[in-house]
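This briefing is intended for a reader meeting the structure below for the first time.

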Amino acid sequence: MLMSRRAFSVLLAGSAASLISRRGMAAMGAATKARNVVLVHGLFADGSCWTEVIARLQAAGLNATAVQNPLTTLPEAVDSAQRVLARQDGPTVLVGHSFSGMIVTEAGVHPNVSALVYVAARAPDAGEDYTALAKTYPTPPATAGIVFDGDEGRLSEEAFLRDFAGDLPEAKAKVLYAVQEPFQKALLTGKTTQAAWRSRPSYYAVSTEDRTINPDLQRFMAKRMEARTIEVKASHLALISHPDEIAGLIAEAAGGAR
């Protein structure tokens with residue numbers, strides 16, 4: 001039986017879509033070798049929170065750069081990350097902690113990005129209301145410790161020491177509290193327009209003792225993105241209290257051995 005031109009076109013389009021899908025799945029299964037790592041910090045912090053991880057990445061021969069997140073609006077925060085990504089000279093692992101998972105999810109479609117790493121981080125889908133998603137889980141204690149001075153928000157000292165940096169020595173946690181960057185209320189209203197984890201290999205480090213983002217919410221987001229997942233017995237600041245584990249996961253995402 002002769003096939004009509006229209007039927008042939010439909011069949012051809014379907015075959016092409018199937019081929020693209022198979023190639024996409026194959027790409028997700030193979031780690032692209034990367035020598036660059038870009039790290040983004042979240043709320044109540046600045047780029048220096050990655051110091052311990054950066055030292056380990058550099059020792060492993062990786063080029064690491066920390067973004068100074070302006071903590072103003074989501075588009076401005078994404079722009080700051082994309083400017084750093086554009087300066088990288090090849091495949092780059094994009095890493096986000098806490099709120100900056102929003103930035104990683106949006107900016108991670110940049111052509112230089114070869115893989116994504118989320119460290120106790122938000123990982124919304126495109127257009128998803130993260131606040132509504134978070135409310136489907138018990139509210140973490142740190143939420144009650146956020147205080148505002150006009151449009152600027154920060155974490156109270158008590159909440160910072162107990163609920164944000166609970167597994168760090170008190171003296172070190174107090175130093176981190178002293179240098180925390182305030183964030184603008186407008187930052188919390190932003191929504192991602194795309195989900196880079198749908199097209200990039202993704203990795204997730206769950207903090208099992210987290211009092212800032214519910215650990216079960218972290219597990220849900222990691223499972224939804226089919227991320228390579230590790231669990232670290234740590235507070236929200238696993239990148240400081242357990243830098244070996246976090247650096248190891250990033251190195252794996254860069255195509256190296258853990």
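Of the 258 residues in this protein, 49% count as buried. The model is a predicted one, and it contains ten helices and nine strands. Among the contacts with a separation of 6 or more, 71% are between residues 24 or more positions apart.

**Helix α8**

- Helix α8 spans residues 215-224, and its buried residues are Pro-215, Leu-217, Gln-218, Met-221 and Ala-222.
- These residues lie on the same side of α8, because they cover an arc of only 155° around the axis.
- The partners against which the buried residues of α8 pack are helix α5 and the strands β8 (202-207) and β9 (228-232).
- At the N-terminal end, α8 is capped by Asn-214, which has a side-chain oxygen 2.7 Å from the backbone nitrogen of Asp-216.
- After α8 comes Glu-226, a residue with a positive phi near 55°.

**The largest pocket**

- The largest pocket holds about 530 Å³ of space.
- Its lining is made up of 22 residues, and those closest to the centre of the pocket are Arg-122, Tyr-130, Ala-134, Thr-143 and Ile-146.
- Two elements, α5 (130-134) and β5 (146-149), each give two or more residues to this lining.
- Helix α5 provides the largest share of the pocket lining, with three residues.
- Sorted by class, the pocket lining consists of 14 nonpolar, six polar and two charged residues.

**The largest cavity**

- The protein has one cavity of 30 Å³ or more.
- The volume of the largest cavity is about 60 Å³.
- The residues that line the largest cavity are Phe-44, Ala-45, Asp-46, Ser-48, Cys-49, Phe-160, Phe-164, Leu-176, Val-179, Leu-237 and Ile-240.
- In the cavity lining, nine residues are nonpolar, one is polar and one is charged.

How values were computed
Residues numbered from 1 in each chain as written. Predicted model: local features only at pLDDT ≥ 70, side-chain atom pairs only at ≥ 80, totals over all residues. Heavy atoms only, no water. 1 Å grid on protein atoms, 1.4 Å probe; cavity = no way out; pocket = protein on both sides within 12 Å on 5 of 7 lines; lining within 4 Å. Points joined across faces, edges and corners; volume = space filled by probe spheres on them. Helix = DSSP H or I, 4+ residues; strand = E, 2+ residues; numbered from the N terminus. Nonpolar A, V, L, I, M, F, W, Y, C, P; charged D, E, K, R; others polar. Buried < 20%, exposed > 50% of the residue type's maximum accessible area, 1.4 Å probe, protein only. Arc of directions from axis to C-beta. Contact = heavy atoms within 4.5 Å. Polar contact = N/O pair within 3.5 Å; in protein donor to acceptor, adjacent residues only side chain to side chain.
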